[in-house]
Amino acid sequence: MITLNQVTKTYETPAGKFAALKHIDLEVRPGEFVGVVGKSGSGKSTLLNMLAGIDRPSSGSVAVAGTEIQDLSENKLAVWRGRNVGFVFQFFQLLPTLTAAENVMLPMDFSGTIPLRERRKRAVALLERVAVGAHADKLPATLSGGEQQRVAIARALANNPPLVLADEPTGNLDSTTAKAILDLFREMANQGTTVVIATHEADIARVIDRRVEISDGAILRK
Amino acid sequence: MNTLWRKAIRDFWHERARTALVVLAIALGISAFAAVLSSYAILTRELDRGYLATNPASAVLRVDSIDDDLVKAILQNPEVSDAEPRRSISGQIKAGPVQWRNLILFVVNDYGNIRVSKLVPEQGAWPPAAGEILIERDAFQVAQAKIGDAVLVKTANGVEQPLVISGSVHDVGQAQARMENIVYGYINLATLVQLGENPTLDQLNILVAQNRFDEAHIKRVVADVETVIASRGHHVRRIDVPRPGKHPHSDLTGILLLAMSSFGLFVLVLSGILVINLLTAMMASQVRQIGVMKAIGGTRGQIARIYFGQALFLGIAAVIVSVPLGIIGSRALCRYMAMFLNFDINSFAVPVWVYLLVAVIGIAAPLLAAALPVLRGTAVPVRVALSDFGLSQTTFGASAFDRALTRIGGTFSLIVFAIRNSFRRRVRLVLTLLTLAAGGLFFLSALNVRASLINTLDRMFAARKFDLSVFLANPNELEKIERAIGNTPGVVRAEGWFVTDASLVSRFTVVALPADTQLLDLEIIEGRNLAPGDTDAIVINNALAGREAKMRVGQTVVLRMADAESTWHVVGVAREAFSPALAYIPLNSVQQPRMVNSLRLSLANADSDVVKTDLDRNLEHEGVRARGSATTAESRFAFDQHMLMIYVFLIVMSAIIGGVGGLGLMTTMSLNVFERRREMGVMRALGATPRIVWLLIVAEGIVIGVLSWAIAGLLAWPISKAIGDLLVRMLFRAGLDFTFEPLGLVIWLLVSIGLSALASFLPAWRASRVTVREALAYE
């Protein structure tokens with residue numbers, strides 16, 4: 001599903017060059033639930049950004065679902081992402097002026113893969129799947145953090161992507177809600193979706209298939 | 001409606017106060033544009049339509065005398081569809097105790113059968129009977145009389161005849177009486193006889209049969225008519241071919257409206273700047289959302305469509321608001337112009353093309369303005385967009401300019417803080433300053449142009465060392481006139497001049513005056529003035545120099561004057577602003593140097609009316625008839641009236657642009673406050689009271705206002721000179737003696753401070769009401 005080959009990412013900063021990722025080799029199988037674990041600043045988010053095509057490697061290659069994404073243009077990457085990747089952010093990042101259902105419909109509108117008439121129905125079904133169906137027509141500001149993250153997960157599943165990436169999805173939630181959210185990801189993986197979560201929390205062992213430890217931009221343990 | 005459109009609409013609703021401000025500002029721009037464009041369409045149509053409805057003459061020929069046989073002979077020409085004789089004669093009119101006013105009398109033989117250059121009866125009797133006079137509707141104010149009043153009328157022969165004003169007419173083709181300070185009267189032949197004049201008509205109004213709007217064709221037909229007149233032993237003194245189908249004021253109106261349309265477009269551009277400001281801010285505040293949308297599959301084009309959709313919404317909303325406003329404005333403007341130019345508007349219908357053009361420009365302008373911020377905002381890479389933290393993370397202090405700013409003031413104070421804050425969003429600041437400074441520039445220009453016009457007129461009238469001009473009915477011996485003047489108290493100095501027409505390529509006026517005249521101090525810009533001993537010297541004014549290419553200093557020209565040709569040597573060019581084409585020659589070089597037909601008098605501080613009355617009596621005693629007179633003050637009044645429209649135009653422009661600028665500043669301050677909510681929360685947490693937050697924002701607005709004032713003040717000199725020169729050249733084909741009005745700077749500084757305080761009041765008030773918790777929670 002995912003193959004990273006000698007991926008290095010270096011940023012130019014006022015203090016000089018900073019290597020966020022150093023010669024990363026990584027393979028993730030389809031349907032696998034991988035937890036990328038590391039401290040803040042270790043390179044977890046950068047690694048996830050590489051997988052989503054949000055950022056490009058300075059060297060090396062990233063192949064996701066058979067596509068070498070590092071050479072795609074921004075627009076092609078956006079289209080590819082819409083169809084192949086669901087992304088969940090730490091701060092939910094729901095669009096504040098759209099309702100929960102509309103937030104979920106947004107990726108469908110972008111990619112156009114779901115017929116127009118079915119989009120609302122599908123969005124509500126996804127919201128029900130993550131247990132926030134009752135909040136379909138509410139604006140994000142009226143939802144709790146956990147509810148917002150569930151909506152974000154429903155949004156990530158909008159186009160039924162083979163890969164879901166989540167960057168610290170429980171970092172802003174209380175422990176009970178965090179547990180429920182992680183269970184949702186587990187359920188996704190059980191249904192065949194490849195899931196990669198970046199987290200600095202160590203207690204995700206119970207839900208993930210494999211743990212990848214990262215420190216100072218290098219993988220310590222796969 | 002898909003989610004993209006929903007987002008576009010709800011984002012705007014979320015920011016409805018700012019959106020309303022921008023819609024209002026764009027609507028103001030479009031309204032101004034729509035008003036002038038509609039007025040242009042209505043006025044040009046109605047002016048020419050009203051003029052054409054009078055069946056205006058294709059040509060006017062002044063003949064020694066016209067009888068029925070001559071008219072019949074001319075009508076034999078199949079190219080002439082109509083020929084109608086009239087007479088126009090100069091005179092004076094007096095209503096009650098009011099002084100004599102200059103009068104042009106139009107004599108028509110058969111008022112029931114006017115076919116060419118028709119008059120429109122308005123009120124009272126029609127046609128005028130013997131002993132009656134009709135007055136042009138605009139001239140009542142000049143005559144200071146009303147229908148039913150008895151007036152005294154005299155022509156050059158001096159017979160004072162009481163007439164009754166029996167009605168009013170509208171003579172569409174005449175220049176506005178109030179502006180010209182002249183009365184137009186209409187009488188029949190019997191009344192003309194009562195005035196002691198011969199019952200002859202000497203003006204032939206010709207209407208060509210075909211190609212009525214072809215000037216060359218008209219001139220060919222007129223040449224044939226002239227041949228017929230000559231073959232019957234008559235003499236054509238003068239031929240006038242007005243621009244076919246065009247009201248005499250058509251060009252003036254067109255130029256004025258064109259200038260106004262350009263201004264409307266300018267206001268529209270300024271309001272477009274507000275769209276740039278709003279959308280730039282909106283894009284800045286939505287960078288992370290753009291990142292999220294990209295992260296979940298949105299392409300740049302899809303995301304850009306959301307924001308272009310918002311710009312489209314702004315345009316549509318503004319057009320909807322502005323079209324009715326524009327129509328109301330256009331009606332007011334049309335009514336003012338119609339009153340100003342003395343014509344009637346039958347229909348205020350606005351052509352469809354105006355609506356279409358306004359809609360297209362109104363919608364396209366915000367879209368164009370949105371292009372740069374939207375394209376830049378959507379081009380931000382996803383990773384950068386996702387990690388955007390807004391203004392709080394920008395690094396103020398990185399540039400040398402920032403560091404220079406920190407040296408202003410020395411110690412921290414509200415003003416220092418306000419100055420530094422106002423420079424944080426530089427592009428926004430520049431755009432806001434642009435709109436505010438534009439308002440200031442127009443205001444200062446209005447005052448400067450006004451001061452310059454007054455200065456130009458002052459210089460022009462300073463050259464005239466006389467207070468009173470008297471025009472004689474016929475050339476008279478200077479000795480008689482000198483005797484009459486000698487018996488008139490209050491005259492300090494007097495000169496007799498001889499005024500006539502001459503032609504080279506075009507026709508112009510020639511003034512023969514004493515070479516050492518003490519009553520005219522010409523401003524010579526090339527060559528020299530007339531000098532005693534000159535015999536064939538001629539000095540021309542700049543208007544004539546611009547018209548006659550052959551008349552250059554040092555050149556010899558042959559002029560046709562009084563049916564004879566004479567040779568003249570051009571010795572100088574004089575500058576005379578706003579003057580028609582004129583030439584000056586020594587009085588002793590004319591055939592009869594002791595005969596004059598025009599007097600110039602310098603008066604002691606005497607009442608000019610008393611002097612005029614005494615002089616008229618004394619001239620009559622000498623057998624000399626005056627056909628009219630004008631004080632220099634009256635001439636100046638007429639000029640001031642012409643200039644009034646320029647002042648009004650510029651002041652209205654500056655008010656509208658100032659309004660747009662104020663709305664722009666309000667938008668800017670509202671955006672600045674919005675982006676710095678967290679900072680304000682921090683300040684409040686550190687102990688700043690709501691009042692300090694409020695003062696800080698108002699101070700920032702005032703800093704921007706004062707900056708815009710400084711920019712306007714710096715640019716005012718060259719810009720207002722250019723605007724003044726352009727307007728005056730377009731309207732009067734003359735230059736301007738530029739002068740700067742320093743009072744304008746003081747007034748605009750106060751206006752800028754007031755406007756910016758007012759514009760920042762509301763954002764400041766709202767910011768001061770946000771709780772510390774809300775402000776700190778803002779991300």
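B:Val275 touches B:Val22, B:Ile26, B:Ala311, B:Leu314, B:Pro366, B:Ala369 and B:Ala370, leaving aside residues up to four places away in sequence; touching, or being in contact, is taken here as C-beta atoms, placed from the backbone, lying within 7 Å. The model is a predicted one, with local features needing pLDDT of at least 70 and side-chain atom pairs counted only at pLDDT 80 or more, while totals for chains, interfaces and linings use all residues. Residues are numbered from 1 along each chain as its sequence is written, and chains are lettered from A and ligands numbered from 1 in the order in which they are written.

B:Val275 also stands out in the largest nonpolar core: of its 193 residues, B:Val275 and A:Leu127 touch the most other members. A nonpolar core here is a set of buried Ala, Val, Leu, Ile, Met, Phe, Trp, Tyr and Cys residues joined through C-beta atoms within 7 Å. Buried means that 20 or more other C-beta atoms lie within 10 Å of a residue's own, exposed means 12 or fewer, and partly exposed covers what is in between. The top contributor to this core is helix α2 (residues 16-52) of chain B, with 20 residues. Helices (H or I, at least four residues) and strands (E, at least two) are DSSP runs, numbered from the N terminus. At least three core residues come from each of domain 1 (1-53 + 261-388) and domain 3 (393-463 + 639-779) of chain B, the bounds being those of an automatic or database domain assignment. Another core, of 49 residues, lies apart from this one and has B:Ile66, B:Val80, B:Phe106 and B:Ala177 among its members. As a rule, nonpolar side chains in soluble globular proteins tend to be buried together.

Strand β8 (residues 183-187) of chain B is well tucked in, with five of its five residues buried. B:Val183, B:Gly185 and B:Ile187 point one way from β8(B), while B:Tyr184 and B:Tyr186 point the other way. Strand β3 (residues 101-108) of chain B runs parallel to β8(B), joined by five bridges, and B:Leu105 sits opposite B:Gly185. Two strands count as paired if DSSP finds at least two bridges between them. Strand β5 (residues 132-136) of chain B meets that cut-off too, running antiparallel to β8(B) with two bridges; here B:Ile135 has B:Gly185 as its bridge partner.

Chain A holds six helices and 10 strands, and 52% of its 222 residues are buried. Of the contacts in chain A between residues at least 6 apart in sequence, 69% join residues at least 24 apart. Four of its strands make an open antiparallel sheet in the order β2-β1-β4-β5, with β2 (16-28) and β5 (67-68) at the edges, each pairing on one side only. Nine bridges link strand β1 (residues 2-13) of chain A to β2(A) in the antiparallel sense, and A:Val7 is partnered with A:Ile24.

Helix α1 (residues 44-52) of chain A lies across β1, β2 and β4 (59-64) of that chain, at about 120° to β1(A). The angle is taken between N-to-C directions, on a scale from 0 to 180 degrees, with axes fitted to C-alpha atoms and, for helices, over the stretch in contact. Nine of the nine residues of α1(A) are buried, including A:Leu47, A:Leu48 and A:Met50. Just after the helix, A:Gly53 takes a positive phi of about 75°.

A:Ala65 is in the loop between β4 and β5 of chain A and counts as partly exposed because it has 16 C-beta neighbours inside 10 Å. A:Gln93, in the loop between β6 (85-88) and α3 (100-111) of chain A, has 23 such neighbours inside 10 Å and so counts as buried.

Between the chains, 21 residues of chain B are in contact with 24 residues of chain A. On the chain B side, α1 (3-14), α9 (287-295), α10 (300-341) and α12 (382-386) each give two or more residues, and α1(B) has the largest share, seven residues.

How values were computed
Contact = placed C-beta atoms within 7 Å.
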